[in-house]
Amino acid sequence: MPSEVFNETDMLLQWNKFAQKMTDTGKRLLATYMQMNDPTLNGTIITLELPNQSTKEEFLTGCHELLGYLRGKLHNHDITIEVVVNEATENKYAFTPQEKFERLKQINPTIELLRKTFDLDV
């Protein structure tokens with residue numbers, strides 16, 4: 001089996017291409033998990049950090065196709081994927097308009113000035 005050397009940039013390029021392929025074919029859940037955090041590379045071990053155990057289990061059930069894809073595209077059959085659960089990295093998702101506005105304010109505080117200037121509702 002081939003085991004060519006590759007770097008993290010090559011791996012990330014193929015990782016993102018596969019995530020886009022999953023999105024295009026309607027497998028958005030796997031693509032979402034893949035894009036939560038950038039994976040890191042240590043030798044031939046790709047480590048992905050996910051926010052909780054259930055996300056990890058769902059990702060692992062669907063990652064066999066990803067593993068085959070990466071092994072083929074990177075010409076290295078020694079590649080393995082390791083998933084680490086880090087609950088501290090779990091993002092709080094904004095659902096209500098007020099939560100979305102607060103999140104945007106964190107990103108760009110001048111949005112509050114825009115809201116006040118034009119007397120906009122949230």
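This is a predicted model: local features need pLDDT of at least 70, side-chain atom pairs count only at pLDDT 80 or more; totals for chains, interfaces and linings use all residues.
Let me begin with the helices: H2 passes H3 in a left-handed crossing, where left-handed means that the near helix is turned anticlockwise from the far one by less than a right angle, and right-handed is the clockwise case. Residues are numbered from 1 along each chain as its sequence is written, and side-chain values use heavy atoms, with hydrogens and water left out.

The element names come from DSSP runs numbered from the N terminus, with helices being H or I runs of at least four residues and strands being E runs of at least two. The two helices in question are H2, residues 28–35, and H3, residues 53–62, and their axes come within 10 Å and cross at roughly 115 degrees. The axes are lines fitted to C-alpha atoms, for helices over the stretch in contact, and the angles run from 0 to 180 degrees between N-to-C directions. On the H2 side the contact is made by Leu29, Leu30, Tyr33 and Met34, and on the H3 side by Thr55, Glu58, Phe59 and Gly62, with contact meaning heavy atoms within 4.5 Å. By class, the residues of this contact are five nonpolar, two polar and one charged, on a scheme that counts Ala, Val, Leu, Ile, Met, Phe, Trp, Tyr, Cys and Pro as nonpolar, Asp, Glu, Lys and Arg as charged, and the others, Gly among them, as polar.

Now to the sheet. It is open, it has three strands in the order E1-E2-E3, and its pairing is mixed; two strands are said to pair if DSSP finds at least two bridges between them. The edges are strand E1 (40–42) and strand E3 (80–85), each of which pairs on one side only, and neighbouring strands are turned by 30 degrees against each other on average, direction ignored.

Which strands here run parallel, and how many bridges join them? They are E2, residues 45–50, and E3, joined by six bridges; within this pair, Thr47 has Glu82 of E3 as its bridge partner, and Glu49 has Val84 of E3. E1 and E2, by contrast, pair in the antiparallel sense over three bridges, and Leu41 stands opposite Ile46 in E2. The hairpin of E1 and E2 has two residues between the strands, and in this hairpin Gly43 takes a positive phi near 70 degrees.

Two helices lie across E2 and E3: H3 runs at about 165 degrees to E3, and H4, residues 64–73, runs at about 130 degrees to E3.

Is Asn76 buried or exposed? At 4% relative accessibility, Asn76 counts as buried. The side chain of Asn76 reaches the backbone nitrogen of Asp78 at 2.8 Å, and, leaving aside neighbours within four places in sequence, Asn76 is in contact with Pro2, Ser3, Glu4, Phe6, Thr44 and Arg71.

Finally, helix H6 and what follows. Glu112 has its place in helix H6 and counts as buried, since its relative accessibility is 17%. The side chain of Glu112 makes a polar contact with the side chain of Arg115 at 2.7 Å, a polar contact being a pair of N or O atoms within 3.5 Å where, within protein, one must be able to donate a hydrogen and the other to accept it, and where residues adjacent in sequence count only if both atoms are side-chain atoms. Not counting residues up to four places away in sequence, Glu112 touches Phe101 and Lys105.

In the segment after H6 (111–117) we find Asp119, which has a positive phi of about 50 degrees although it is not a glycine, and which counts as exposed at 66% relative accessibility. Asp121 is also found in the segment after H6 and counts as exposed at 76% relative accessibility. The C-alpha atoms of Asp121 and Pro97 are separated by 9.9 Å, with the two residues 24 apart along the chain.

Methods
Buried means under 20% relative accessible area, exposed over 50%, partly exposed in between (1.4 Å probe, protein chains only).
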